[in-house]
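Colleague: I am new to this structure and would like to learn how to read it. Could you take me through its features one at a time?

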Amino acid sequence: MRGSLLSWQAWALASAAFAALTAIFAKVGVDGVGADFATFVRTLVIVAVLGALLTASGQWQAPSSVSGRSWLFLVLSGLATGGSWLCYFRALTLGEAARVAPLDKLSVVLVAVFGVLILGERLSGLNWLGVGLIALGAVLVAVKG
């Protein structure tokens with residue numbers, strides 16, 4: 001059990017499960033609610049839960065312990081997350097969750113491309129095949145047929 005708690009694969013699968021529930025809960029939650037207000041409520045819940053988690057686990061750290069470079073990229077990440085959430089909730093108000101979520105998951109394809117172009121990561125031919133299949137699958141699920 002302990003080994004699985006330290007496995008990045010286990011955490012990634014848990015993330016996927018929570019992301020799936022996010023889509024379902026959000027689709028029901030945005031009914032009659034503005035997409036931006038829904039994003040605001042979601043953000044407040046996340047801030048409260050993370051604040052409680054940091055307090056309970058004693059993981060608060062002094063802001064001065066974070067480098068300027070880390071601050072810059074964490075702020076940029078937060079802005080990107082906010083943009084993603086705003087777009088996601090808007091898409092859910094307009095479309096079906098079963099079609100919106102797969103297109104949103106094209107982020108997996110973009111991460112692979114950006115990882116190679118920006119971070120200098122390397123992917124094998126087999127990895128690229130998987131990326132292509134993810135892209136194809138996301139598009140096929142999103143198509144109304």
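Predicted model: local features only at pLDDT ≥ 70, side-chain atom pairs only at ≥ 80, totals over all residues.

Colleague: What share of the 145 residues is buried, and what does the accessible surface of the chain come to?

Modeller: A residue is called buried when its relative accessible area is under 20%, and by that cut-off 17% of the 145 residues in the chain are buried. The accessible surface is about 10,600 Å², and 74% of this area belongs to carbon and sulfur atoms. As for charges, the chain has 9 positive and 5 negative ones, and their mean positions are 7 Å apart.

Colleague: How should I read contacts along the sequence?

Modeller: One looks at how many places separate the two partners. Of the contacts in this chain between residues at least 6 apart in sequence, 67% join residues that are at least 24 apart.

Colleague: How far does helix H4 reach from its first C-alpha to its last?

Modeller: The span of a helix can be compared with the one expected at 1.5 Å a residue. Helix H4, residues 68-94, has 27 residues and reaches 39 Å, close to the expected 39 Å. H3, with 23 residues, reaches 33 Å, and this is close to the 33 Å expected for it. After H3 comes Gly-58, whose phi is positive, near 65°.

Colleague: Which residues of H4 are buried, and what covers them?

Modeller: The general idea is that an α-helix has 3.6 residues a turn, so residues three or four places apart point the same way. In H4, the buried residues are Trp-85, Tyr-88, Phe-89 and Leu-92, and their cover includes helix H2 (8-29), helix H3 (35-57) and helix H5 (97-104).

Colleague: And which residues are buried in H3?

Modeller: In H3 they are Ala-35, Ala-38, Thr-39, Arg-42 and Gly-51, with H2 and H4 among what covers them.

Colleague: Which residues make up the largest nonpolar core?

Modeller: That core has eleven residues in all: Ala-23, Ala-26, Val-30, Ala-35, Ala-38, Tyr-88, Phe-89, Leu-92, Ala-97, Val-100 and Ala-101. H2, H3, H4 and H5 each supply at least two residues of this core. To see how one member is placed, take Leu-92, which, apart from its neighbours within four places in sequence, is in contact with Ala-23, Ala-26, Lys-27, Val-30, Ala-97 and Val-100.

Colleague: What does Thr-93 touch, leaving out residues up to four places away in sequence?

Modeller: Thr-93, also in helix H4, touches Val-30, Val-33 and Ala-35. Thr-93 and Ala-35 are 58 residues apart in sequence, while their C-alpha atoms are 6.7 Å apart in space. Thr-93 counts as partly exposed because its relative accessibility is 33%.

Colleague: Is Phe-18 buried or exposed?

Modeller: The cut-off for exposed is over 50%, and Phe-18, at 59% relative accessibility, therefore counts as exposed. Phe-18 is found in helix H2, and its C-alpha atom is separated by 15 Å from that of Thr-43, 25 residues away along the chain.

Colleague: Where is Ile-118 placed?

Modeller: Ile-118 is in the loop between helix H6 (107-117) and helix H7 (125-142), and with a relative accessible area of 63% Ile-118 is exposed. From Ile-118 to Asp-104 there are 14 residues in sequence and 21 Å in space, C-alpha to C-alpha. In helix H6 itself one finds Leu-110, which counts as partly exposed at 44% relative accessibility. Leu-110 and Val-131 are 21 residues apart along the chain, and their C-alpha atoms are separated by 9.1 Å.

How values were computed
Residues numbered from 1 in each chain as written. Heavy atoms only, no water. Helix = DSSP H or I, 4+ residues; strand = E, 2+ residues; numbered from the N terminus. Expected span 1.5 Å × (residues − 1). Buried < 20%, exposed > 50% of the residue type's maximum accessible area, 1.4 Å probe, protein only. Contact = heavy atoms within 4.5 Å. Areas by Shrake-Rupley, 256 points an atom, 1.4 Å probe, with all protein chains shown as cover. Lys, Arg positive; Asp, Glu negative; His and termini not counted. Charge placed at Lys NZ, Arg CZ, Asp CG, Glu CD. Core = buried A, V, L, I, M, F, W, Y, C linked by side-chain atoms within 4.5 Å.
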